[in-house]
Amino acid sequence: MSDYMFNLESHLTAEQNAALAAVQSAAAEANLSLYLTGGALRDMLGGFPIRDLDFSVEGAALKLARDVAKKTNAELVSVDELRKSAELKFESGVVCEISMARLEKYPKPGAKPQVTPATIHEDLRRRDFTVNAIALSLNRASRGLMIDPTNGVSDLEHKEIRAITNYTLYDDPVRLLRLIRYRARLQFTVNERTWQQFLNAREAGVTESIQPRSLFGELKQIATENDPFEVLKALDEEKLLTLFCNGLTGAKLNAAAFQKVAKLKTMIPFGSEVPTDWYALNLWCLTQPLSSKEKAALLEQTGMTKEEAEPWQKLEARSKKFEGVLKEPKLNRASVIWHTVKAAPGEEVFLLSLKSAEKLVQERLKNYFGKYLVIVGEITDAEVTDSTGVAPGTPEYAAARETYTVARLDGRIKKPIPPEPEPEPVIQPRGPFARSAKPKQV
Ligand code: CTP
C-alpha cells in the first residue's frame with residue numbers, strides 16, 4: 001500500500017472508509033478511472049479533519065453515482081446535470097460528491113460554464129486554488145499515485161492559498177468568497193498575486209455577476225463551517241457580506257449567539273455525537289437580528305427556495321415544542337432525560353440552550369452536556385461485559401449496554417474502580433558501585 005493510501009485510510013473514519021470502498025468497487029466494476037480530489041485531499045495532507053469525500057471520474061460520473069446509490073442504499077441528494085456531478089448521502093451519514101472530470105469555459109464572469117469531459121489533469125487545472133487541485137488515484141494499476149499539476153502540496157506546506165490562473169476569480173466570482181472562507185478556516189495566507197487578483201476583480205465589480213444560486217451555495221457552506229462566525233466576520237471585513245443581504249453587517253452578525261453555540265459545542269465530550277442540522281441552527285443565529293424586510297432580502301438575494309428556508313424559519317417553533325417536553329415532571333431520572341434529549345434533533349437542543357428562560361430546562365440541558373454525555377462516553381465494553389456477562393459482537397450486546405448505561409446514569413451501578421496497578425518490582429542494584437538499600441549502621 002502506498003504511503004498516501006495508508007495516510008488516507010488512517011485519516012478517515014470507519015464510515016468514510018466504508019463509503020470509499022463502496023465507490024472504489026463500483027468504479028472498478030464499471031471500468032471507470034476514479035480519483036479522490038478537492039477538499040478531502042487538502043484536508044488529509046494539511047492535517048485537518050476530512051469533512052466530505054469528493055471523487056472525480058473520467059467518464060460517466062452520474063451513472064456511477066446512481067450505481068453506488070442503488071448498491072448501498074445511499075440517498076441521491078442532488079444532481080447537477082450541467083457539471084455531471086451528484087451528491088450522495090450514505091446511511092452512515094457520510095456525504096460524498098461524484099463528479100465527471102471536466103473542463104469549464106466561462107463565456108463571461110459568473111455565466112453558466114460550457115462543460116466538456118476531460119482528463120483528470122485538465123480537470124485539476126480548471127479548479128479554483130492549488131490546494132484544492134490535487135488528486136489521488138484510486139485505480140488498480142496506479143492506486144495511491146498523487147497527481148499535483150499545480151504544486152498544491154508545496155502551497156499546503158507553506159500554508160498559502162494560490163489561485164490557479166489569472167482568471168480564476170473572474171471566471172467564477174463566487175470564488176472571491178471562497179478565498180476569504182478558506183483563509184479564515186485554514187488560517188492560511190493568500191499569495192500576493194492572488195490577492196492582487198482579488199483586489200482587481202473587486203474593483204472591476206465582478207461580484208455583481210455572482211448568481212443568486214451560487215450565493216446560496218456559498219451561504220450553505222458557511223453555515224456548515226466548524227466556526228461560521230470567523231468566516232462571517234472575515235467576509236464582513238472585506239465588505240462582502242452584504243452580497244447575501246443588504247443589512248447584514250456589523251452588530252447584525254449576532255456574535256453573542258454564535259459564541260454561545262461554539263461554547264456549547266466544546267462541552268460535547270470527545271467521541272460523543274449530537275447529530276445537528278448546522279445549516280438550520282447557524283442560519284437561525286444569522287437571521288435572528290434581521291428585520292422581516294432584511295430576511296426577505298436574504299431570500300431574494302440568494303434565490304433561497306421555501307424548502308431551503310423552512311429549516312431555519314421553523315426552528316424556533318420546533319424547539320419551543322421540545323421545551324414543553326423537556327420540562328415535564330415525569331422526566332425525573334437522569335436516564336429518562338438522557339433518552340429524551342438524545343432523541344431530539346441537535347439544532348433544537350442547542351437553540352433551547354441558547355434561548356430557554358425555563359430554569360428546569362436549562363438545568364436538565366446542563367446535566368445532559370456536562371454529566372450524562374461524559375458518563376456514557378466513559379463506559380467501556382469491558383465494563384459492560386463484567387457487569388452483564390454479555391460480550392461485544394453478540395446479538396444481545398446492544399440491549400445489555402443500554403441496560404447498563406441506564407443503571408449507571410441513574411446511579412444504581414457505580415463507576416467501577418480500576419484495579420490498583422501492580423507494585424513495581426524492586427530491583428536490587430548489584431555490582432561494585434551499587435549503593436546498599438539499607439543505610440549502614442555506624
Ligand atoms: N471548485 C472550484 N470552484 C468553485 C467551487 C468548487 O474550483 N466555485 C472545486 C475545488 O477544487 C473544490 C472542489 O471543486 O475543491 C469541490 O468543491 P467544494 O465541495 O465546494 O469544496 P471542498 O474543496 O470540498 O471544500 P469544503 O471543505 O469547503 O467542502
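This is a predicted model: local features need pLDDT of at least 70, side-chain atom pairs count only at pLDDT 80 or more; totals for chains, interfaces and linings use all residues.

**Strands.** Strand β1 covers residues 33-37 and strand β8 covers residues 135-137; the two pair antiparallel, over two bridges. Going residue by residue, I found Tyr35 opposite Ser137 of β8. A reminder to myself: strands in a sheet pair through backbone hydrogen bonds, in either a parallel or an antiparallel way.

**The whole sheet.** Next I traced the strand order. There are seven strands in an open sheet, and they read β3-β4-β5-β2-β1-β8-β9, with mixed pairing. Which strands stand at the edges? They are β3 (75-80) and β9 (146-147); each has a single partner strand, so one side of each has no neighbour in the sheet.

**Helices on the sheet.** Helix α1, residues 3-11, packs on the sheet and touches β1, β8 and β9. I noted its direction against that of β8: about 110°. Then I turned to helix α2, residues 14-29, which lies across β1, β2 (53-58) and β5 (95-100). Helix α2 runs at about 10° to β2.

**Cysteines.** Is Cys245 buried or exposed? Its relative accessibility is 0%, so I put Cys245 down as buried. I checked Cys96 too; at 1% relative accessibility, Cys96 also counts as buried, because the cut-off is under 20%.

Notes: Residues are numbered from 1 along each chain as its sequence is written. Side-chain values use heavy atoms; hydrogens and water are left out. Buried means under 20% relative accessible area, exposed over 50%, partly exposed in between (1.4 Å probe, protein chains only). Two strands pair if DSSP finds at least two bridges between them. Helices (H or I, at least four residues) and strands (E, at least two) are DSSP runs, numbered from the N terminus. Contact means heavy atoms within 4.5 Å. Axes are lines fitted to C-alpha atoms, for helices over the stretch in contact, and angles run from 0 to 180 degrees between N-to-C directions.
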